[in-house]
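Hi everyone, thanks for coming along.

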Amino acid sequence: STSLCFLHQNPTNATMGAYKYLEELWRKKQSDVLRFLLRVRAWEYRQLPKIYRCTKPTRTDKAHRLGYKAKEGYCVYRVAVRRGGRKRPNHKGMVFGKPKHQGINELKFNRNLQSVAEERIGRRAGNLRVLNSYWVNQDATYKFFEVILVDVQHKTVRVDPKINWLCNPVHKHRECRGLTSAGRKARGFRKGGHRANNRIGGSSFAAWKRRNNLSLRRYR
């Protein structure tokens, strides 16, 4: 009891909580423990469907940091996305145009694979809203992400002031419009200062359009 009182008076001397241990474990992905776990789990995930409903999140600490709650209205899906670039789907690789556009193989998709995973489960589960997602595993062929989804029709969600902002109709299919964390990263919103010049005005297209259109307003 004396030691407990000491810890209570000096919270800085308290030991780490369980979530902190989990966080440190997942931070060292090259450790023997995690390398073995990831290798075994990657095999398991490959045998399962590409979109799979999880009974609970694999990374409990990460899921809770991103807004997950272990209560009604919340669920987690694991999505496998094939790795690699985006080959242009032209028949026999023939582009009937200028040489500039004849590239087929070395093209990259503009968004990251995590946002692709969110979009796929968002289309499959149309009645749920995508809250966030995180990386869980990868192998030579796939990347696996777990996506947190919320049932906005559920009363538990609608009366909770911490999450009922997601019930507003403006958040329908937010994953398809680049409003989730992974989507915002693909749009360049992780950068600030002079590195963010290409998205001034809301997006890279808006920035380009403003700089390439001459506007001569009568009343200015």
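Let's start with Lys-20 and Glu-23, whose side chains form a salt bridge, with 3.8 Å from N to O. This is a predicted model, by the way. Why do these two sit where they can pair up? Both belong to helix 2, which covers residues 18-27, and because they are three residues apart, about one helical turn separates them. Lys-20 is partly exposed, at 35% relative accessibility.

Now, Glu-23 has another partner: the side chain of Arg-65 also meets it in a salt bridge, again listed at 3.8 Å, N to O. Arg-65 is in helix 4, residues 60-65, while Glu-23 is in helix 2, so this pair ties together parts 42 residues apart in sequence. Arg-65 counts as partly exposed, with a relative accessible area of 47%.

Let me take you to another pair. Glu-119 and Arg-111 join through their side chains in a salt bridge, at 2.6 Å from N to O. Is Glu-119 buried or exposed? It is buried, since its relative accessible area is 14%, under the 20% cut-off. Arg-111, by contrast, is partly exposed, at 29%. The model's count of salt bridges comes to eleven.

A word on confidence before I stop. The chain has an average pLDDT of 92, and 93% of the residues score at least 70. Residues 2-7 fall below 50, and that stretch makes three contacts beyond near neighbours in sequence.

Terms used
Residues are numbered from 1 along each chain as its sequence is written. This is a predicted model: local features need pLDDT of at least 70, side-chain atom pairs count only at pLDDT 80 or more; totals for chains, interfaces and linings use all residues. Side-chain values use heavy atoms; hydrogens and water are left out. pLDDT is the predictor's confidence in each residue, from 0 to 100. Contact means heavy atoms within 4.5 Å. A salt bridge is a side-chain nitrogen of Lys or Arg within 4 Å of a carboxyl oxygen of Asp or Glu. Helices (H or I, at least four residues) and strands (E, at least two) are DSSP runs, numbered from the N terminus. Buried means under 20% relative accessible area, exposed over 50%, partly exposed in between (1.4 Å probe, protein chains only).
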